[in-house]
Amino acid sequence: MEQLNDDTSCHSYNEKYDSLTNLLKYEYFFSNLKNIIEANRNNPDFRLAIVYSDIRHFKYLNDTFGYNRGDELIRMYSDFTKVQHPSYLGTCRVYSDNFIIAANIGKMSEDDFYKEVDKRNKYFEDFIKPYFANRRVMLNTGAYVLRDTFNEDLETAISNANYARKESKKFNTDKCVQFSDEMMNDIIFKMEISALFPKAIETQEIKVFFQPKVDSSTRKIIGAEALVRWIKPDGTFVYPDQFIPLFESNGMVVDLDYFVYNEVFKYIRTRLDLGLKVVPISMNISRVHFKDDELMAFIENLLREYKIPTKYIEFELTESIYINSIESVLPFVNKMRSLGIKISMDDFGSGYSSLNLLNNLPIDVLKLDKAFLSNDDLSKNQRIIISCVISMAKQLDIKVLCEGVENKLQSDFLSNAGCDMFQGYYFSKPICENDFNQYMTSNRSN
Ligand code: C2E
Ligand code: CA
Ligand code: CA
């Protein structure tokens, strides 16, 4: 029974229905579903489940087999959903290859329902295979069974199922992923930290820590990297990996970085004014900055305001920023270098790095990712790869820093291989400003 697609209103067909699939458009699907829930308020056997699916590598299939075939796939999937689910209420194509199915699971257990979804997905995948040169077409599916059908917000329920679908992509599974309490906690955590962030800057819960960089031959400090820390009033730390990816997706990282830059400039100015030793400090730049060109002006302003000699300032850009935003990165990098500011390529070797990149890009320092040192003792292959990368960088006149150095064996090997600088727990963890000042006094190069 396809209750959701029953049409009793006078809206024109094109306005209400998706022309490709003849399914209700999202807004009508949504309001009809709300009405169905309301109509079942006194039905103890009514329990709503939302299944959210998309077709894995749909863009690739479109590009390879043509858009007509892509459209056909979408139509086939929508027809398939209409006839397959016994507890089916309706399907809607949200956009592109993203579909929602609403079902009333009644007295069925959640586990049985998820198994049912898997079985049906598998059936569809087998059915569709011959249409795509026997290539496996897979669905990414997430599902959410409402805990309290009549009192939960429908939009949130749909977004929960969508969240589970995205998780299924991460897990790289074709099994339906159920929205879990853990996912709910993650959503709440993200909402909370996004809401608390502006205040946390004001109240100085956000702090800049410094991780020393040392010279490979003298083992003395020659610089530091600024790394952000969020210290909650109860003293617990929130580490950047818990909020930087989120802030990159909601744009808040721009404010965070500007805060960090400002703190670093202020810190250097204070030290210089007091006649104290200063080392170059590097700061991280997120890819989000390259969506507009405010960054350059912001840094130039800081240079003017704090009058910091540019030899004390460095910036780190990951190799993926270089690759993906090369048009906007190049003018920035060239400008910074013309001012005497050094640029490092961060996390080199963590992604699709190409040694060829080094040949064409203006950089001063290559930061080898800590993944190169994944073993405490280094395998023969690791040694060969690291040595080759270092010698190539040297020939191109690029300095090499190795991150994540955790023991003597690694640092001795790296020194012999010609690595110029180290950064890692073996020398120091990232530390607060006071500890860093002390570190500089006890471990200085001159
Ligand atoms: P990253 O830029 O690669 O920073 C180095 C990370 O490696 C730091 O993690 C540091 O604590 C960690 N690390 C240093 N030495 C060792 C070691 O010997 N062993 C191991 N296992 N880890 C080591 P952290 O501070 O948690 O930062 C994580 C990432 O967050 C950074 O990776 C960077 O991408 C990002 N991040 C941190 N602060 C900022 C910031 O102010 N702005 C932006 N845009 N990103 C930041
Ligand atoms: Ca970095
Ligand atoms: Ca790094």
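Asp 346 is buried, with a relative accessible area of 5%; buried denotes under 20% relative accessible area, exposed over 50% and partly exposed in between, for a 1.4 Å probe and protein chains only. The model is predicted, so that local features need pLDDT of at least 70 and side-chain atom pairs count only at pLDDT 80 or more, while totals for chains, interfaces and linings use all residues. Residues are numbered from 1 along each chain as its sequence is written, chains are lettered from A and ligands numbered from 1 in the order in which they are written, and side-chain values use heavy atoms, with hydrogens and water left out.

Asp 346 bridges the calcium ion (ligand 2) and the calcium ion (ligand 3), which lie 3.9 Å apart. Donors are N, O and S atoms within 2.8 Å of the metal, or 3.2 Å for Na, K and Ca; water is not among the atoms, so sites may look incomplete. Because Glu 225 lies in strand 7 and Asp 346 in strand 11, the pair ties together parts that are 121 residues apart in sequence. Strands (E, at least two residues) and helices (H or I, at least four) are DSSP runs numbered from the N terminus. Glu 225 is also buried, at 4% relative accessibility.

Asp 346 in strand 11 (residues 342-348) and Glu 403 in strand 13 (residues 399-403) are 57 residues apart. Glu 403 is buried, with a relative accessible area of 8%.

The largest pocket has a volume of about 1200 Å³. A pocket is an open set of points on a 1 Å grid over the protein atoms alone, with protein on both sides within 12 Å along at least five of seven lines, and lining residues have an atom within 4 Å of a point. A volume is the space filled by probe spheres set on the points, which are joined across faces, edges and corners. The lining of the largest pocket comprises 39 residues, and Glu 225, Leu 227, Pro 240, Asp 241 and Lys 370 lie nearest the centre. Strand 7 (221-231) and strand 11 are among the elements that each supply at least two lining residues.

Terms used
On a 1 Å grid over the protein atoms alone, a cavity is a set of points where a 1.4 Å probe fits but cannot get out, and a pocket is an open set with protein on both sides within 12 Å along at least five of seven lines; lining residues have an atom within 4 Å of a point.
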